[in-house]
Amino acid sequence: MAQETADGAAPPGQEADERIQRASFLSRLLNRPELGAAAGTIVVLVVFAIVAGDTGMYSALGIVNFVEVASLLGLLAIGVSLLMIGGEFDLSIGSMIAFAGMTIAIPAAEWGWPMWLCILLAFTVAILWGLFNGWLVIKTGLPSFIVTLAGLFMLRGLTIGLTRLLTGRTQVSGLREDAEGDWLAGILGGEVGHGFFTWMGEVGIIAQRADGEPSVSGVPMSVIWFLLLGAIATWVLLRTRLGNWIFAAGGDKQAARNVGVPVNRVKIMLFVGTAVMATLVATVQVLDVGSADTQRGLLRELEAIAAAVIGGCLLTGGYGSAIGAMLGALIFGTVQMGFFYTGVNTDWFQVFVGLMLLVAVLSNNYIRKKATEAK
Amino acid sequence: MMAEQPLLEARSVSKRFGSVIALSDINMAVRPREVHCLLGDNGAGKSTLIKTFAGVHQPTEGELRVDGAPVQFGSPREALDTGIATVFQDLALVPLMSATRNFFMGREPVIGRGPFRRFDARTAERITAQEMWKIGIDVRDPTQPVGTMSGGERQCLAIARAVYFGAKVLILDEPTSALGVSQASMVLRYVARAKAAGLGVIFITHNVHHAFPVGDSFTLLNRGRSLGTHTKDEVSRDELMDMMAGGKEMADLEAELKAAAQQETDPKAEQAETQIAEDLHQESQKVH
């Protein structure tokens, strides 16, 4: 055997099949799920550089604006992409954003709890909600689409009902002072790099405002979390056992179970992941705006799924990437702000999103066909 | 060879599902370096028997022995842990995942410590390519999805995985039934190789032509009962064919078709064909 191997020729008992080409670097690249989203991102950035280059969209302020928009959707999309690869949906994350926001705002504003405690409470509730979703999907064996659709309504209703019951309103504001100086609020929200941006303003790399402050005062923490969690998610997916289990659970759960993959545990974990991501987004928004609203996060679950699909996730599970979902979110953010800068009516944004999604699904479908059929 | 201790043995195994008798008083054994073919038509009880070996079902009566000691498998995992590896027809492969990721699915090698503990992709790819090479398959790219591999390659991947993870007894459920000739011979070659490596193989098939070249002994099942075990020097291929439920049917069919061909000009010919179709239909009704 060793000798045969050393020859470097065809393996024992079989001639090399001349019909099969060795996989080239290019074809490997084409097999990456995020390729479409990467191409889309480049196209979108270039198009707006041409049509909106002089509108300030690509100034430091403009870039921070659209990256921040992208990061908030992207955080959701990262969680959603992992869950979709694991073969499930979570439609309740939009409602979770509102619920988590209120879980932070009401104790802080009405009962005078310290901000960090409110945030921890919100994350605890999110973990419990994720566990409940996962448990329900696995116990009932029903499609997660339906189970979490029920969750979408229940959680939204609970948010509105409880908020009105406890405060008599549907909006809780005045949280900015509560967050002031809070350690956890400082980590999850706000900005970093103020000194660096001040320096850049002074030496003229970025524009300065009339009062001498730089046009951009720092990088929003949501962008930092977006990049950090995206990197972690990608690492987990591609380089850990858990990642392999996520692909296996979504690809064929029976096959995965037969070889000892703890499919149920993996799926429940992923439901917790999406709920936690929604809560992170809620926290950032509450700290940023200083208020919580029962209508926040409306339709965000669908935008996040769209971003994940544009990023290469298959609706049937087992295939996709976190980087792709991040790029999908970046496309969203760029186009949304690009429409704003170019003065195109933002009504058209949804038309664009719909078309983009359709193109993505069609090309994903083609890729899946290619991957599952013997060549 | 026959004196050797069986790796896996069924003693008077019966299995009932409610009032349905799926298996009745089955005795069979597989020894090291033996390919034991389990033959029978659809519905003969082959699947039930191997699921009993695999730990999916527990025998209603009788017992299983591994290395001579009685065992009871509560789950497929327990059977696997004692070295009884079953490759079912679905192969437990995920088409969208790479050959490597499938090979190590659920048993991924890791390196690093604490939060940096990670899937050792390089080792995994090397071992996969190496194990596949051993069975005569050149995995051009260990990261290619299993879905792009041929049926024979997939079957071999599933078997190679079972062998690599320490199987003593390999149970192969119809490994060649969905394959073309050259693909089937790829699998059969590998079965012979596993045997040479000292494994016991239980090879389930309804195709005598696949079973005969690699088999050392043959157990025939018909309607949940064993028609006995024969070694290769005792029986011929045709005798095995005849013993299988299909043997007589095929002979009858042949005779009928011949008769029909002779009456080609006869208006009755059409009637004869209808008759055959009806017979076949009834046969399939019986099976399901």
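Predicted model: local features only at pLDDT ≥ 70, side-chain atom pairs only at ≥ 80, totals over all residues.
Residues are numbered from 1 along each chain as its sequence is written, chains are lettered from A and ligands numbered from 1 in the order in which they are written, and side-chain values use heavy atoms, with hydrogens and water left out.

## The two chains

Helices (H or I, at least four residues) and strands (E, at least two) are DSSP runs, numbered from the N terminus. On this basis chain A has 17 helices and four strands, and chain B has ten helices and twelve strands. A residue is called buried under 20% relative accessible area, exposed over 50%, and partly exposed in between, with a 1.4 Å probe and protein chains only. A contact means heavy atoms within 4.5 Å. Accessible areas come from the Shrake-Rupley method with a 1.4 Å probe, and for residues only the protein chains shown count as cover.

| Chain | Buried residues | Accessible surface | Share of surface from carbon and sulfur |
|---|---|---|---|
| Chain A | 48% of 375 residues | about 17500 Å² | 66% |
| Chain B | 48% of 288 residues | about 13500 Å² | 51% |

Among contacts in chain A between residues at least 6 apart in sequence, 77% join residues at least 24 apart. In chain B, residues 24 or more positions apart account for 66% of the contacts with a separation of 6 or more.

## Two cavities

A cavity is found on a 1 Å grid over the protein atoms alone, as a set of points where a 1.4 Å probe fits but cannot get out, and its lining residues have an atom within 4 Å of a point. Grid points are joined across faces, edges and corners, and a volume is the space filled by probe spheres set on the points. The structure holds two cavities of 30 Å³ or more.

The lining of the largest cavity divides into four nonpolar, three polar and two charged residues.

The second largest cavity has a volume of about 30 Å³, and among the residues that line it are A:Ile97, A:Gln285, A:Asp293 and A:Arg296. Helix H5 (93-110), helix H14 (263-289) and strand E4 (292-293) of chain A each supply at least two residues of the lining of this second largest cavity, which divides into five nonpolar, two polar and two charged residues.

## Buried residues of chain A

A:Ser81 is found in helix H4 (residues 60-85) of chain A, and A:Ser81 counts as buried because its relative accessible area is 0%. Not counting residues up to four places away in sequence, A:Ser81 touches A:Ala308, A:Cys313, A:Ser321, A:Ala322 and A:Ala325.

A:Gly218 lies in the loop between helix H10 (194-203) and strand E3 (219-220) of chain A, and A:Gly218 is buried at 1% relative accessibility. A:Gly218 and A:Val192 are 26 residues apart in sequence, yet their C-alpha atoms are 5.2 Å apart in space. Leaving aside neighbours within four places in sequence, A:Gly218 is in contact with residues including A:Val64, A:Glu191 and A:Phe197.

A:Thr240 lies in the loop between helix H11 (221-239) and helix H12 (241-251) of chain A, and A:Thr240 counts as buried at 9% relative accessibility. Beyond residues up to four places away in sequence, A:Thr240 touches A:Trp235 as well as B:Arg117, B:Arg118 and B:Phe119 of the other chain. A polar atom of the A:Thr240 side chain lies 2.5 Å from the backbone oxygen of A:Val236.

## Two loop residues of chain B

B:Arg33, in the loop between strand E2 (20-30) and strand E3 (34-39) of chain B, has a phi near 55°, a positive value in a residue other than glycine. B:Arg33 is partly exposed, with a relative accessible area of 41%. B:Glu174, in the loop between strand E9 (169-173) and helix H6 (181-196) of chain B, has a phi near 45°, also positive in a residue other than glycine. B:Glu174 counts as buried, at 9% relative accessibility.

Definitions and conventions:
Polar contact = N/O pair within 3.5 Å; in protein donor to acceptor, adjacent residues only side chain to side chain. 1 Å grid on protein atoms, 1.4 Å probe; cavity = no way out; pocket = protein on both sides within 12 Å on 5 of 7 lines; lining within 4 Å. Nonpolar A, V, L, I, M, F, W, Y, C, P; charged D, E, K, R; others polar.
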